[in-house]
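Please keep the sequence and the structure in view while reading.

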Amino acid sequence: MKTIIVGGGIVGVTAAYYLAKEGIEVTLLEGQPELALDASAGNAGLIAPGHSFAWASPSAPGMMIKSLFGTQSAIRVRWPLEPRFIAWGLRFLRECTAGRARSNSLVKLSLSQYSQALLENVISAEGIDCHYQRGGVVYLYRSPRELAEGIAKMQLVRDHGQKMVVLTPSELGELEPALRDATGEFAGGILGLTDTTANSVLFAHAIADKARELGVEIRLGTPVEALLGDRRRVTGVQTSHGELLADAVVVAAGAHSPQLMKGLGINLPVYPAKGYSLTIPVISERDAPQIGGLDERTLVAWSRMGDQLRMSSTAEFAGFNPTVSRSAIHHILTIGKELFPGAADWDQAVVRTAFRPMTPAGPPIIGASKVRNLYYNTGHGHMGWTMACGSAQILADQLLGRTSAIDTSGFAPKASQ
């Protein structure tokens, strides 16, 4: 079976490896000059099934509405509203009930747990060095009320297999000595014992090398302009360098995936959520964090990547607007200096924006479309790194007609077409 994968981010590259392991002939096409340059390069580095909560929740509409009137929040909506965002946003609001938030979170959790186990197996089997670090991820709470709410919220994932430990402020300092000098006050934290961190870009390049050894052809600087075929059957792709034919085409182009569907009359409900990240050189091992974490009030996340500190936050809904928000960068820097004041050379922070592919409900879209030979592996939002291996295995199962190890009904494309 000759298969084309469109998209060379962490999701697409990992899929290429998994398909090749099954003996499938794969060509991966990436428009950028390098792999994993967009959302994959701007994530916080967390591999966190313990935080698989759907963004569509009862509290989300209020945050989005307030942001329209200038209130700073982790989820922001910017004027003017795109027609496509309005359509997507209405579907998002429909998912914001407590019941749907719970079910969508459990779908994400199942894939995240499955994927993390597969990722650890691949790292071990292939000898990949991507700064993979066990030891847990810590979730910080700034007030007793927020801590109590966090404990109640985390009960959902605890009931479904995640190991969590509640920590007092002094225990936080023992767990992560770098937090002892934090200038903010915290009521406590929750340690996700099995959550981990790693560098997705290092993994993407390493797994791409393994994929090439298995026969995968990777073409960089090759944008896909359109899908070949009609609304019944896809036969290949039109690239900037000509046509390529295939038995199957996998759309793994992240936030850009919907653009490829227009010619087929499919409105794929994936919208870009612009995130911001800073990568800062560490100057003091004593003051720098050793494990990853998330400040639950500000939603600033961090992890160690060798001699660098990665910090990330914000989801800004403004289409593909490349403008960098100074307030978003200031927000991350402020929290970074508060948490780890002497850890890094903050003046040397490298700023990156990335467009995360969000579905209204939260779970990604994986599997066969209604168009023959066309498959999806997209819409992973901020959890593409966590979900990449599991999504790749599910995709391979679908292409080969096998039943997956987990329930995949929550990722079915039919509901989105």
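This is a predicted model: local features need pLDDT of at least 70, side-chain atom pairs count only at pLDDT 80 or more; totals for chains, interfaces and linings use all residues.

H1 and H10 are oblique to each other, since their axes, which come within 8 Å, cross at roughly 40°.

**Helix H1 and its surroundings**

- Helix H1 covers residues 10-21, and its 12 residues reach 17 Å from the first C-alpha to the last, close to the 16 Å expected at 1.5 Å a residue.
- H1 is mostly covered, with 11 of its 12 residues buried; the buried residues are Ile10, Val11, Gly12, Val13, Thr14, Ala15, Ala16, Tyr17, Tyr18, Leu19 and Ala20.
- The cover over these buried residues includes strands E1 (2-6), E2 (25-29) and E20 (374-378), together with helices H4 (98-126), H7 (200-213) and H10 (384-399).
- After H1 comes Gly23, which has a positive phi, near 85°.

**How the helices cross**

- H1 passes H10 in a right-handed crossing, and the contact is made by Ile10, Val11, Thr14, Ala15, Tyr18 and Leu19 on the H1 side and by Gly384, Trp385, Ala388, Cys389, Ala392, Gln393, Leu395, Ala396 and Leu399 on the H10 side.
- An α-helix has 3.6 residues a turn, so residues three or four places apart point the same way.
- The axes of H1 and H4 come within 13 Å and cross at roughly 70°, which makes H1 roughly perpendicular to H4; here Tyr17, Tyr18 and Lys21 of H1 are in contact with Leu118, Val122 and Glu126 of H4.
- H4 and H7 have axes that come within 12 Å and cross at roughly 60°, so that H4 is oblique to H7.
- The crossing of H4 and H7 is left-handed, and it brings Leu119, Val122, Ile123 and Glu126 in H4 to meet Phe203, Ile207 and Lys210 in H7.

**Nonpolar cores**

- In soluble globular proteins, nonpolar side chains tend to be buried together.
- The largest nonpolar core of this model holds 50 residues, of which Ile5, Leu19, Leu119, Phe203 and Leu395 touch the most other members.
- H1, E2, H4, H7, strand E13 (248-251) and H10 are the elements that give two or more residues to this core.
- Apart from this core lies another, of 28 residues, among them Tyr276, Leu278, Ile335 and Leu339.
- Which residues does Phe203 contact, leaving aside its neighbours within four places in sequence? Phe203 is in contact with Ile10, Thr14, Leu119, Val122, Ile123, Ile128, Cys130, Trp385 and Cys389.

- Ile5 has its place in strand E1 and is buried, because its relative accessible area is 0%.
- Beyond its neighbours within four places in sequence, Ile5 is in contact with Gly12, Ala15, Ala16, Leu19, Val26, Thr27, Leu28, Leu29, Val250 and Ala252.
- Although Ile5 and Tyr375 are 370 residues apart along the chain, their C-alpha atoms are separated by 9.3 Å.
- Is Leu202, at 34% relative accessibility, buried or partly exposed? Leu202, which lies in helix H7, counts as partly exposed, because its value of 34% falls between the 20% under which a residue is buried and the 50% over which it is exposed.
- Leu202 touches Asp129, Cys130 and His131, not counting residues up to four places away in sequence, while its C-alpha atom and that of Thr378, 176 residues apart along the chain, are separated by 21 Å.

- Most residues other than glycine have a negative phi.
- Thr314, although it is not a glycine, has a positive phi of about 80°; this residue lies in strand E17, which spans residues 308-317, and Thr314 is buried, with a relative accessible area of 5%.
- Asn373 also has a positive phi, near 75°, in a residue other than glycine, and it is found in the loop between strand E19 (365-368) and E20.
- Asn373 is buried as well, because its relative accessible area of 18% is under the 20% cut-off.

Notes
Residues are numbered from 1 along each chain as its sequence is written. Side-chain values use heavy atoms; hydrogens and water are left out. Helices (H or I, at least four residues) and strands (E, at least two) are DSSP runs, numbered from the N terminus. The expected span of a helix is 1.5 Å times one less than its number of residues. Buried means under 20% relative accessible area, exposed over 50%, partly exposed in between (1.4 Å probe, protein chains only). Contact means heavy atoms within 4.5 Å. A nonpolar core is a set of buried Ala, Val, Leu, Ile, Met, Phe, Trp, Tyr and Cys residues joined through side-chain atoms within 4.5 Å. Axes are lines fitted to C-alpha atoms, for helices over the stretch in contact, and angles run from 0 to 180 degrees between N-to-C directions. Angles under 35 degrees count as roughly parallel, over 145 as roughly antiparallel, 65 to 115 as roughly perpendicular and the rest as oblique. A crossing is left-handed if the near helix is turned anticlockwise from the far one by less than a right angle, and right-handed if clockwise.
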